[in-house]
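Please look over the sequence and the structure shown here before reading the report that follows.

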Amino acid sequence: MAAKYVILPCNGLDKEAGCLARELALKMAAATGSEIICPVLYQTAPSRYASLLQEGSLVVIDGCATRCASRIAANNNLKIYRKITMAEEAKKRDYNPGPDWRVGAGAAAFVEDVWRSWQPVFMEAEAGRVPGENAGLFAGPLEYAIHRHDKFIFRVPLAGFYFNENDCWVQVEGNRGRVGISDYLQQNLSDITFVTPPDPGTEVEQFGEMGTIESAKAVYELVSPVTGRVVAVNEAILEAPELINENPYEKGWIAELELTNFEADREFLLDGQRYMEVLKEKVADFNAGK
Amino acid sequence: MAENTFMGVPREKITWAPVIDYSRCNYCLECAKFCPHQVYEVREEEPRLIVANPTNCVVFCRACAKTCGPDAISFPEKSWVLEAIKALRQEEGGK
Ligand code: SF4
Ligand code: SF4
């Protein structure tokens with residue numbers, strides 16, 4: 001039987017988080033019948049794993065923020081299905097890996113807990129992600145303002161969208177808000193390779209983190225324009241992050257929130273027209289800075 | 001660059017910028033390579049990397065911290081900075 005998942009863990013043997021990544025890979029492989037790719041061998045003899053990578057979905061397990069496993073995948077144009085970062089899992093659990101690279105009882109319990117939280121995603125039980133049942137609530141933008149600069153064209157929807165100066169938008173319908181990134185940020189990042197939306201149920205604050213986006217260039221933290229509770233995430237962008245490049249205001253939306261403080265949040269947001277002014281300045285500054 | 005503002009408040013009044021923990025930093029310079037706003041400056045002498053232009057840093061951006069392997073970059077508390085901005089806005093508006 002072909003392996004369903006192929007796991008590429010970090011090879012950070014000199015780092016605690018790297019050792020934890022390996023532990024998680026072993027646990028996951030045993031539970032799901034998956035294959036593990038050795039990152040060192042993969043880099044010297046990639047053909048060794050070619051057929052394996054064709055069969056199964058790729059799961060990347062990074063240790064720390066160096067993200068060497070992700071980088072190996074990006075450098076080889078591998079499509080990532082899911083990504084786990086041990087340092088972030090540790091932060092979520094207030095777990096401090098400490099200086100011992102060998103896996104003691106504390107570390108084993110930690111890895112067990114991380115696996116338990118990810119298990120549903122891989123075992124295809126309830127994945128914990130709520131599909132957007134109100135898909136019809138948000139109509140696409142009717143009208144865009146356009147700013148041209150050299151060969152670049154930046155679009156900004158005029159009605160119903162609000163922006164923060166960190167280039168994230170919210171489209172509001174009643175007490176629901178859909179959030180995403182602007183055309184300007186999308187073009188700046190260029191080809192988006194991976195998106196981590198906020199988990200459903202998370203309470204997000206205005207200007208707090210609402211997930212991350214990665215391109216070949218870097219990881220980018222998204223800054224939420226509004227306060228609220230995440231009620232849905234866009235499943236489509238998990239499989240096809242390039243939808244954000246195609247149209248960041250429609251198919252490329254990131255999450256839906258139940259808004260809890262919009263009247264107050266709005267004070268710090270720009271409408272389409274005013275965001276356009278900010279965008280023009282950014283484009284001008286960026287080009288002047290080079 | 002003179003009238004640089006964030007949410008209507010002069011940028012110089014907002015204390016948002018990265019802080020480098022030199023006990024963790026290994027001078028890989030990933031952060032300086034990543035940031036397009038000339039916030040960091042690489043020098044010959046020690047410390048080889050400094051936050052030279054803190055007010056160039058985009059308020060609430062924390063992107064460079066995600067590129068730092070040893071997790072040596074930190075930022076002020078978001079909620080605290082937001083409160084300060086709100087207060088400053090009121091001051092500006094009240095004039
Ligand atoms: S990325 Fe981190 S470790 Fe590297 S130079 Fe910057 S602060 Fe130092
Ligand atoms: S937080 Fe953003 S703007 Fe500030 S130094 Fe880092 S990358 Fe540059």
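Within chain B, 59% of the contacts between residues at least 6 apart in sequence join residues at least 24 apart, a contact being heavy atoms within 4.5 Å. This is a predicted model, in which local features need pLDDT of at least 70 and side-chain atom pairs count only at pLDDT 80 or more, while totals for chains, interfaces and linings use all residues. Residues are numbered from 1 along each chain as its sequence is written, chains are lettered from A and ligands numbered from 1 in the order in which they are written, and side-chain values use heavy atoms, with hydrogens and water left out.

| Property of chain B | Value |
|---|---|
| Box filled by the C-alpha atoms, along the principal axes | roughly 45 × 25 × 20 Å |
| Share of the 95 residues that count as buried | 38% |

In chain A, Asp167(A) is placed in the loop between strand E7 (161-163) and strand E8 (168-173). Asp167(A) has a relative accessible area of 4% and is therefore buried, a term that means under 20% relative accessible area, with exposed over 50% and partly exposed in between (1.4 Å probe, protein chains only). Leaving aside residues up to four places away in sequence, Asp167(A) touches Ile181(A), Ser182(A), Tyr184(A), Leu185(A), Tyr275(A) and Lys282(A).

Terms used. Helix = DSSP H or I, 4+ residues; strand = E, 2+ residues; numbered from the N terminus.
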